[in-house]
Amino acid sequence: MLTSALRGLTAAFLAVLPVAAPTPAHAAETVPVAEAVTRLPIATESREGYDRDAFRHWNSGADPSDGCSTRNEILISEAVEPPTVGPRCRLSGGSWWSYYDQVWVTSASSLDIDHMVPLAESWDSGASSWTAQRREAYANDQGAGASLVAVTARSNRSKADQDPAQWMPPAAEAHCRYVAEWVGTKLRWSLTADETELAALQEAAGSCPDQQVTYEPVA
């Protein structure tokens, strides 16, 4: 009887203990962009088996209770002048700065949410071996400001699934930031780079001596 009672008390005590939040794999690091590039693992790329539908997006976002998808949560968080949020998270008004092409946008429908490292590129670089849950987390990542960015549809569709060896933002003044965010995203998700991509990143980083990269690896 006493043993059973003690077990019951122990179970009740454990039941009210808070559940520990998952901890990141490593603490956030900030390093010069040239050093960050050297931390990228090198591997050949393969797009075999790629299907965009393997990355579920846009899901219910970081706050499922707000009724907004990840796309709209990003639009709200990146707005310079906040939009009005109506029923079913319909956005009206507001303004955004598209840093790829250095233009102001005043209509949410004129913006795309760009995956800094495109879904296809992430597949080539390691995501092909991930679980569906990890791919969904990647496709909706709001844990780092660089992962998803609101930019003009024109610039995003010009980029498509190309890496920095093939495409850079049309505005030259955006290049250092873009390279830093690309490298930071790959390091955050432990994605690889191929030799051509690495060479392009090294060349670009050489022109950005003061640019820093901050990233926090995902467990």
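**Notes on the model**

1. Let me begin with Q102, which sits in the loop between β4 (96-98) and β5; helices (H or I, at least four residues) and strands (E, at least two) are DSSP runs, numbered from the N terminus. Q102 is not a glycine, yet has a positive phi of about 60°. Its relative accessibility of 27% makes Q102 partly exposed (buried means under 20% relative accessible area, exposed over 50%, partly exposed in between, with a 1.4 Å probe and protein chains only).

2. A word on the basis of these notes: this is a predicted model, in which local features need pLDDT of at least 70 and side-chain atom pairs count only at pLDDT 80 or more, while totals for chains, interfaces and linings use all residues. Residues are numbered from 1 along each chain as its sequence is written, and side-chain values use heavy atoms, with hydrogens and water left out.

3. C89 also deserves a look at its backbone: it has a positive phi of about 60° without being a glycine. C89 belongs to the loop between β2 and β3 and is buried, at 4% relative accessibility. P87 lies in the loop between β2 (84-85) and β3 (91-92) as well, but P87 is exposed, with a relative accessible area of 70%. Between P87 and C68 there are 9.8 Å in space, C-alpha to C-alpha, and 19 residues in sequence.

4. Please check the peptide bond from H57 to W58, which is cis, with omega near -10°. W58 is part of the loop between α2 and α3.

5. How many salt bridges does a search of the whole structure find? The search gives 12, where a salt bridge is a side-chain nitrogen of Lys or Arg within 4 Å of a carboxyl oxygen of Asp or Glu. One of them joins the side chains of E121 and K186 at 2.7 Å, N to O. This pair links distant parts of the chain, 65 residues apart, with E121 in helix α4 (residues 119-124) and K186 in helix α7 (residues 175-188). E121 counts as buried at 2% relative accessibility, and K186 is buried at 0%.

6. Another salt bridge brings R56 and E136 together, at 2.5 Å, N to O.

7. R39 comes from the loop between α2 (33-38) and α3 (70-78), and E29 from strand β1 (residues 29-32). R39 is partly exposed at 31% relative accessible area, and E29 is partly exposed at 31%. A network of salt bridges links E29, E35 and R39.

8. W104, in strand β5 (residues 103-105), is exposed at 53% relative accessibility.
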